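Keep the structure in view as you read.

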Amino acid sequence: MTNSEQRRRGYRGVMAVCLVGGLAYLAVGVVTGQVWFGVFGLAIMLTYAGWLTWRRGRTEEETILAGEGVDERQQAINARATVAMGNLMLLAVLAGFFISLFLQWDSGVWVFGGLAAFGGVSYAAALAFYLRRS
Amino acid sequence: MQNRVRELRQSLGLSQAALGEHLDVSRQTVIAIETGRYDPSLKLALRIARQFDLTVEEIFDDQQ
């Protein structure tokens, strides 16, 4: 697959995520009787998709966010940014877990503890997968 | 890693964008390679070498 094919596929993927995310907001809003919340969520996701469509190709950041950063350097940068995000997310989840423990907030302990456990299991599974592939 | 990509590109009268199109990478990636901020993969290094009809060792120098 050439880079231009990958670029088209990446862009369509990002647009699909925005649309599905927006529709999920709308569905949750309708089902829970908070229609305005759903409409607002859908509007945000569609605005973001429109902004990416307008801005893609203007800067590298926007190109990568729009799913069109497909050359090897952009992919490497994207992978490093994803790892950085994962590390920060893990820190936030662990902070939430310990704060919930400290405040004796049971729901928080379960939610943050569950997310931390899911993160650990996901990491181990990804490690095993990539070790077998390379 | 030091390289001769800028010198070779200029000798062919190519812009960074044009070389990027030939190599199927972005203009920013060509700039990053030329300034030594990014070392290309073996696959891209071979494409660069073919573009200039040279060997990888004649373009890239890992001794410096």
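Q: How much area is buried between chain A and chain B?
A: The model is predicted. Carbon and sulfur atoms give 40% of the area buried between the two chains. The total between chain A and chain B is about 750 Å².

Q: Which residues of chain A lose the most area to chain B?
A: Three residues together make up 66% of what the chain A side buries. They are D71(A), E72(A) and R73(A).

Q: How many salt bridges are there between chain A and chain B?
A: Five residue pairs are in polar contact between chain A and chain B. The side of chain A that touches chain B has no nonpolar, four polar and five charged residues. A salt bridge needs a Lys or Arg side-chain nitrogen within 4 Å of an Asp or Glu carboxyl oxygen. Between chain A and chain B the count is zero.

Q: What separates the centres of domain 1 and domain 2 of chain A?
A: The domain assignment gives domain 1 (1-70) and domain 2 (72-134) in chain A. Taken over C-alpha atoms, their centres are separated by 23 Å.

Q: Which residue forms a salt bridge with R73(A)?
A: Between domain 1 and domain 2 of chain A, the count is one salt bridge. For R73(A), the closest N and O atoms of its salt bridge are 2.9 Å apart. The partner is E60(A).

Methods:
Residues numbered from 1 in each chain as written. Chains lettered and ligands numbered in written order. Predicted model: local features only at pLDDT ≥ 70, side-chain atom pairs only at ≥ 80, totals over all residues. Heavy atoms only, no water. Buried area = accessible area lost by both parts, 1.4 Å probe. Polar contact = N/O pair within 3.5 Å; in protein donor to acceptor, adjacent residues only side chain to side chain. Nonpolar A, V, L, I, M, F, W, Y, C, P; charged D, E, K, R; others polar. Domains from an automatic or database assignment.
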